[in-house]
Amino acid sequence: MKLITTKDYDSMSKRAATLIASELTINPKLVLGLATGSTVKGLYKYLVSWYKEGYLDFSNIETVNLDEYLGLSPEHEQSYRYFMNHYLFDQTNIDKSKTHVPDGLAINPMKECFRYDKLIENLGGINLQLLGIGHNGHIGFNEPGDAFSKGTSLENLSDLTIKKNSRFFTSIEEVPQRALTMGIQSIMAAEKILLCVSGPDKAPILKETLTGPISPKVPASILQVHRNCTIIADEAALSKM
Ligand code: F6R
């Protein structure tokens, strides 16, 4: 793992966006795995502004998002499809038909998991996967458990995740309790991984992820054995190291 320390959230965002921009410049047909959440908003802002200044061309990339809440439509403001449209896709020349997010309204979620795995396989795998980390060490919505998940699956969200994510909903009761998520095996199969971490509240879990034992109790700990994983973290997130 390569660890890059930045001063604060903004410099973490800029550094991460620079890394993605260079991968995109090297390979205009990049298969880019994307994440949602507060951590990645800043880096999407940089990518959008560099696109608007004429430095980036997204027209040939394919994107695959990590996860989606079960039961939320693409129009729901808290759905991850909505997030992606809002913060990145609608503001660049990305071809929307080449952007993929699990279908939160799938009538048969198991079939949807299978379809999503097949889609990633047909794309030839993911070149670069962007990740954030949950306070419990989740990546995507792969919550702590007894075993690492394989392909895309339907996950029950932990009480902690529901509580943390309730900040985006009007009440905790509105937070979906299940989500479709790319599995750990699919994430680990990505050629390159970029994990972004910011803020003092993520410091304890980042320390556990980087220095603790590799265990499904801390799903992100498996990144210790990825062949090409870069972590960009700000000083606050590294304050417990
Ligand atoms: C979302 C995702 C999650 C988030 C994580 C951190 O697509 O994959 O694993 O990256 O929950 O969320 P924030 O950045 O909001 O702290």
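The model is predicted. Strand 10 spans residues 229-234, and six of its six residues are buried. The largest pocket has a volume of about 700 Å³.

**Strand 10: burial**

- Strand 10 is mostly covered.
- Both of its faces are covered.
- Cys 229, Ile 231 and Ala 233 lie on one side, and these residues are buried.

**Strand 10: partners**

- Strand 1 (residues 2-6) runs parallel to strand 10, and five bridges join the two.
- In this pairing, Ile 4 stands opposite Ile 232.
- Strand 9 (residues 192-197) also runs parallel to strand 10, again with five bridges.
- Here Val 197 has Ala 233 as its bridge partner.
- Strand 9 and strand 10 also belong to a right-handed β-α-β unit, together with helix 7 (residues 203-211).

**The largest pocket**

- The lining of the largest pocket is made of 38 residues.
- Nearest the centre of the pocket lie Thr 36, Gly 37, Ser 38, Arg 167 and Phe 168.
- Helix 3 provides the largest share, with five residues.
- By class, the lining holds 15 nonpolar, 16 polar and seven charged residues.

Methods
Residues numbered from 1 in each chain as written. Predicted model: local features only at pLDDT ≥ 70, side-chain atom pairs only at ≥ 80, totals over all residues. Heavy atoms only, no water. Buried < 20%, exposed > 50% of the residue type's maximum accessible area, 1.4 Å probe, protein only. Helix = DSSP H or I, 4+ residues; strand = E, 2+ residues; numbered from the N terminus. Pairing = 2+ DSSP bridges. Right-handed = clockwise from strand over helix to strand, strands pointing away. 1 Å grid on protein atoms, 1.4 Å probe; cavity = no way out; pocket = protein on both sides within 12 Å on 5 of 7 lines; lining within 4 Å. Points joined across faces, edges and corners; volume = space filled by probe spheres on them. Nonpolar A, V, L, I, M, F, W, Y, C, P; charged D, E, K, R; others polar.
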